[in-house]
Amino acid sequence: MDSINPCSGVNLPTLRAEQPAETNVKTEPETAASPKDTCEFSQAPGEAQDHIQTGRLKDFAKKTKELFKEAADSPITFIKDHKKAMPAAAGAVSAGAAVAAAALFDCGKADDIIDIAQLAIFKGGVKGKVELYSKIAETTGVAAGAACIIGGGITAAIGITKAVKGVGKIARGIKKHDKAAAAKGVRSALAGTRKALTGAVVGTLNAGGVIGIASKTTRKVIMPPLRKAAAGLNIGIGVHTLVKGIQHKDKKEILTGALDLGYGTAVAASIIAGGPVTSVTCTVLLFSKEALSAGKKIAKLVKKDRDIQKDRRTEPAEQIQLDKTAAPVKEKRL
């Protein structure tokens, strides 16, 4: 009877042993690859989104840089390659120009725009730039001093760029032992330096203290000799180009030499005698020189596009010829 008595002290351990044992859950040691550690190093949703946006911006900047490089290298080829997008771009530019023009005409500023254009074309030097930027300030509602500082900075930056290019031309002319090319490089560097100084003077002319004194000194002491030197260079280069053009019967060189000679002579006459007639003559000749230079640049761009298109037509033909002459690959039978 004792064997079935649950209250017996002998059977108590046996009954306890027969009770179902608790299931032991094994816990694996936490490692670097465990979910807990992975969660601790995972990016937050906001950080991941920022990373994606940054990548997109970098890609956009890279593509934009490539497009600008392509356009600067050969604008005509660029337009041809992206002719499907050009109508939309031209439409957007035209719409923006139309809106801007409508706003200007509604505001009654059409006469001011014409005056600004005339000042930009026919007025040079410090006085002309000050008048130009002051007129722009009056039209746009910006303070005249601020307009002169901004405009002078832009003019100075353009002048520095031109001066650097002129130095490069000097180096190439010396390397090739071409005195005429080196002289033209000196002229470009000199013109760029004068433009840079003009911008600096325009931006600081009304400044007080040491800056104002330096600006006025630059205008009265440093810039006049540079103008005389530029006039002498234009006369010398003009005579050389004119003689060379006559010898080779090259109409373009004759015209270029005549314009350089005429412009240099007009500037020299303006320095010596002054007056409105010489000033207008200088402006007209300078405008003619710039127009001729622009025509030459356009001709170079057209030639470059022709060369690019020719290379593109040649490449497929060469590839086809290589494919035909390539030895056939024999299949090996196993």
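At what angle do α9 and helix α10 (residues 209-248) pack, and how far apart are their axes? The angle is about 155°, and the axes of α9 and α10 are 9 Å apart. Here an axis is a line fitted to C-alpha atoms, for helices over the stretch in contact, and angles run from 0 to 180 degrees between N-to-C directions.

**Basis of the model**

The model is predicted, so local features need pLDDT of at least 70 and side-chain atom pairs count only at pLDDT 80 or more, while totals for chains, interfaces and linings use all residues. Residues are numbered from 1 along each chain as its sequence is written, and side-chain values use heavy atoms, with hydrogens and water left out.

**Overall make-up**

The chain has twelve helices and zero strands. Helices (H or I, at least four residues) and strands (E, at least two) are DSSP runs, numbered from the N terminus. Read from the N terminus, the order of elements is α-α-α-α-α-α-α-α-α-α-α-α. The chain has 334 residues, of which 21% count as buried. Buried means under 20% relative accessible area, exposed means over 50%, and partly exposed is in between (1.4 Å probe, protein chains only). Among contacts in the chain with a separation of 6 or more, 54% are between residues 24 or more positions apart. A contact means heavy atoms within 4.5 Å.

**Helix packing**

| Helix pair | Angle | Axes | Crossing |
|---|---|---|---|
| α7 (residues 125-140) and α9 (residues 179-204) | roughly 55° | within 9 Å | right-handed |
| α9 and α10 (residues 209-248) | about 155° | 9 Å apart | left-handed |
| α10 and α11 (residues 251-272) | about 155° | 7 Å apart | left-handed |

A crossing is left-handed if the near helix is turned anticlockwise from the far one by less than a right angle, and right-handed if clockwise. Angles under 35 degrees count as roughly parallel, over 145 as roughly antiparallel, 65 to 115 as roughly perpendicular and the rest as oblique.

The axes of α7 and α9 cross at roughly 55°. That makes α7 oblique to α9. On the α7 side of this contact are G125, V126, K129, V130 and Y133, which meet T198, V201 and V202 in α9. By class, five nonpolar, two polar and one charged residues form the contact of α7 with α9. For these classes, Ala, Val, Leu, Ile, Met, Phe, Trp, Tyr, Cys and Pro count as nonpolar, Asp, Glu, Lys and Arg as charged, and the others, Gly among them, as polar.

At their angle of about 155°, α9 and α10 are roughly antiparallel to each other. Their contact has 14 nonpolar, nine polar and five charged residues. The angle between α10 and α11 is also given as about 155°, and α10 and α11 are therefore roughly antiparallel to each other. The contact of α10 with α11 has 13 nonpolar, nine polar and five charged residues.

**Nonpolar cores**

In soluble globular proteins, nonpolar side chains tend to be buried together. A nonpolar core is a set of buried Ala, Val, Leu, Ile, Met, Phe, Trp, Tyr and Cys residues joined through side-chain atoms within 4.5 Å. In this model the largest nonpolar core holds twelve residues: I116, L119, V126, L132, Y133, A137, A147, C148, V201, V202, L205 and M223. Two or more residues of this core come from each of α6 (110-122), α7, α8 (144-175) and α9. Its largest share, four residues, comes from α7. A second, separate core has seven residues, including A231, L259, V267 and L285.

Leaving aside residues up to four places away in sequence, V201 touches V126, S215, T218, R219 and M223.

**Single residues**

S270 lies in helix α11 and counts as buried, at 14% relative accessibility. With residues up to four places away in sequence not counted, S270 touches R227, T278 and C282.

Two loop residues have positive phi. H177, in the loop between α8 and α9, is not a glycine, yet its phi is about 60°. H177 is exposed, with a relative accessible area of 71%. K249 is in the loop between α10 and α11, and its phi, near 55°, is a positive value in a residue other than glycine. K249 counts as exposed at 75% relative accessibility.

D115 is in helix α6 and counts as partly exposed, at 30% relative accessibility. D115 and K135 are 20 residues apart along the chain, and their C-alpha atoms are separated by 8.0 Å.
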